[in-house]
Amino acid sequence: MRFLVFFGIGIIFLVLQTTLFHRFPAWIGRPDLLFLLLVFVALQMDTFRGLVLTLLLGMMLDIFSGIHLGVYPLAYLLLFLIIKVISRNLALKDSVHQVPLVMVGFLGFAACAHLLVSLLSPGNETYWAWPQLLQNIVILGVACLPFFHCCLWLQDLLENKPPLSIFVFKRRPANRFNRD
């Protein structure tokens, strides 16, 4: 259930990222919400489901906006594996460490994607846009903690309550007046 919910959220973020955010002026910035979701998945989900979700969302992003097929899935899978390896020895689930993780992770992800694109098309000169990259790093650093708290709340809601347990549909005990 958790896998499907986060897959649906990833699809919504993918659609927003590839359609609506490109209409914003460049000075506002274009946050990479899918990156935040995949960092959360790497920190909170088990390895197999997280890898599958990362691969699916990376392939979908690659189909929608990739220059060369395979760049985004490979970069996201490398990011996922690095976060999994690092999180075994460090307390990355603490909110103090998540902001630097997201900021450095996005810089590494952008460098990996830039390197892969430049290797796949050696004749074309690729442009490394520092102002936009730094702007996105700051936006992701600011949005990281509220986003992770919302995702943790959603994960807790999915794990602790059945899907249709809205307060109206709650089961009541058979005898409310029995005082043993």
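How many aromatic pairs does the chain hold, by the rule that rings of Phe, Tyr and Trp (its six-membered ring) pair if their centres lie within 6.5 Å? The count comes to ten aromatic pairs. This is a predicted model, in which local features need pLDDT of at least 70 and side-chain atom pairs count only at pLDDT 80 or more, while totals for chains, interfaces and linings use all residues. Residues are numbered from 1 along each chain as its sequence is written, and side-chain values use heavy atoms, with hydrogens and water left out.

**Aromatic pairs**

- A pair of aromatic rings is described by the distance of the centres and the angle of the planes.
- Planes under 30 degrees apart count as stacked, over 60 as edge-to-face and the rest as tilted.
- The pair of Phe6 and Phe40 is tilted, because the ring centres are 5.6 Å apart and the planes stand at 50°.
- Since Phe6 lies in helix α1 (residues 2–20) and Phe40 in helix α2 (residues 33–44), this pair ties together parts that are 34 residues apart in sequence.
- Phe6 has a relative accessible area of 1% and is buried (buried means under 20% relative accessible area, exposed over 50%, partly exposed in between, with a 1.4 Å probe and protein chains only), and Phe40 is likewise buried at 3%.
- Phe13 and Phe147 also form a tilted aromatic pair, with 5.7 Å from centre to centre and 45° between the planes.
- Because Phe13 belongs to helix α1 and Phe147 to helix α6 (residues 130–160), the pair ties together parts that are 134 residues apart in sequence.
- Phe13 counts as buried at 13% relative accessibility, as does Phe147 at 12%.
- One aromatic cluster is formed by Phe6, Phe13, Phe40, Phe147 and Phe148.

**Thr54**

- Thr54 is found in helix α3 (residues 47–65), and its relative accessibility of 1% makes it buried.
- The side chain of Thr54 reaches the backbone oxygen of Gly50 at 2.7 Å.
- Leaving aside residues up to four places away in sequence, Thr54 touches Leu38, Val41, Tyr76, Leu77 and Phe80, where contact means heavy atoms within 4.5 Å.

**The chain as a whole**

- The chain has six helices and zero strands, where helices (H or I, at least four residues) and strands (E, at least two) are DSSP runs numbered from the N terminus.
- Of the 180 residues in the chain, 36% are buried.
- Among contacts in the chain with a separation of 6 or more, 72% come from residues 24 or more positions apart.

Definitions and conventions. A polar contact is a pair of N or O atoms within 3.5 Å; within protein, one must be able to donate a hydrogen and the other to accept it, and residues adjacent in sequence count only if both atoms are side-chain atoms.
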